[in-house]
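Subject: Handover of a structure

Dear colleague,

Please find the structure below, with its sequence.

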Amino acid sequence: MTDRRTVTSLPATWRKRAKGLRRYGGETPATALERCADDLEATLVEQDETTFSLVEASRESGYSADHLGRLVRDGKIPNAGRPGAPRIALKDLPRKAHMPSDPRLAEKPPRRELSNRQIVQSIIEKGIE
């Protein structure tokens, strides 16, 4: 499974590579790479802002809804909802050690890993929709 720190570093890496491409006249692939970086950053921000009810958070984290509710009441986890209807932001969600960092990713069939170069080449060949 991909480490989130690795994923969050990709936009900066892609922008640096775009700068190198421009240096050698690769304006079109550089622009494509920068757009990919922008899209990934926006997706990561949106994902961090995703909130869950206590029941949903329980499924995601491996902890019981009661335990998560206590953590919110005790102020150990910020309440992203309102009093009487607590919600927990994905970025604040604790995870049991045996839970993957994003259980939704574990449910999907494994995908083959693609290098950044393969991604950019695919974008160049097929275009961006």
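In H6, the residues Asn-116, Val-120 and Ile-123 are buried, where buried means under 20% relative accessible area, exposed over 50% and partly exposed in between (1.4 Å probe, protein chains only). These three cover an arc of only 60 degrees around the axis, which puts them on the same side of H6; the arc is that of the directions from the helix axis to the C-beta atoms. Arg-117, Glu-125 and Lys-126 are exposed on the other side of H6.

Please note that this is a predicted model, in which local features need pLDDT of at least 70 and side-chain atom pairs count only at pLDDT 80 or more, while totals for chains, interfaces and linings use all residues. Residues are numbered from 1 along each chain as its sequence is written, and side-chain values use heavy atoms, with hydrogens and water left out.

As to the overall layout, the protein chain has six helices and two strands. Both kinds of element are DSSP runs numbered from the N terminus: helices are H or I with at least four residues, and strands are E with at least two. Their order from the N terminus on is α-α-β-α-α-β-α-α. The chain has 129 residues, of which 26% count as buried. Of the contacts (heavy atoms within 4.5 Å) between residues at least 6 apart in sequence, 59% join residues at least 24 apart.

The next topic is the nonpolar cores. A nonpolar core is a set of buried Ala, Val, Leu, Ile, Met, Phe, Trp, Tyr and Cys residues joined through side-chain atoms within 4.5 Å. The largest one has twelve residues, including Trp-14, Cys-36, Val-120 and Ile-123. Helix H1 (4-23), helix H2 (27-49) and helix H6 (116-126) each supply at least two of its residues, and H2 provides the largest share, seven residues. A second, separate core has ten residues, among them Ala-57, Leu-68, Ile-88 and Leu-93.

Helix H3 (residues 54-61) packs against helix H4 (residues 65-73) at an angle of about 110 degrees, and their axes are 8 Å apart. Here the axes are lines fitted to C-alpha atoms, for helices over the stretch in contact, and angles run from 0 to 180 degrees between N-to-C directions. H3 is therefore roughly perpendicular to H4, on a scale where angles under 35 degrees count as roughly parallel, over 145 as roughly antiparallel, 65 to 115 as roughly perpendicular and the rest as oblique. From H3, Leu-54, Val-55, Ala-57, Ser-58 and Ser-61 meet Ala-65, Leu-68 and Gly-69 of H4. By class, this contact has five nonpolar, three polar and no charged residues; Ala, Val, Leu, Ile, Met, Phe, Trp, Tyr, Cys and Pro count as nonpolar, Asp, Glu, Lys and Arg as charged, and the others, Gly among them, as polar.

Within H4, the buried residues are Leu-68, Gly-69, Leu-71 and Val-72. Seen down the axis of H4, they fall within an arc of 160 degrees, so they line one face of the helix. What covers them includes H3 and strand E2 (87-89), whereas Asp-66 and Arg-73 are exposed on the other side of H4. Gly-75, which follows H4, has a positive phi, near 80 degrees.

Finally, Ser-53 belongs to strand E1 (residues 51-53). With 22% relative accessibility, Ser-53 counts as partly exposed. Leaving aside residues up to four places away in sequence, Ser-53 touches Pro-86 and Arg-87.

With kind regards
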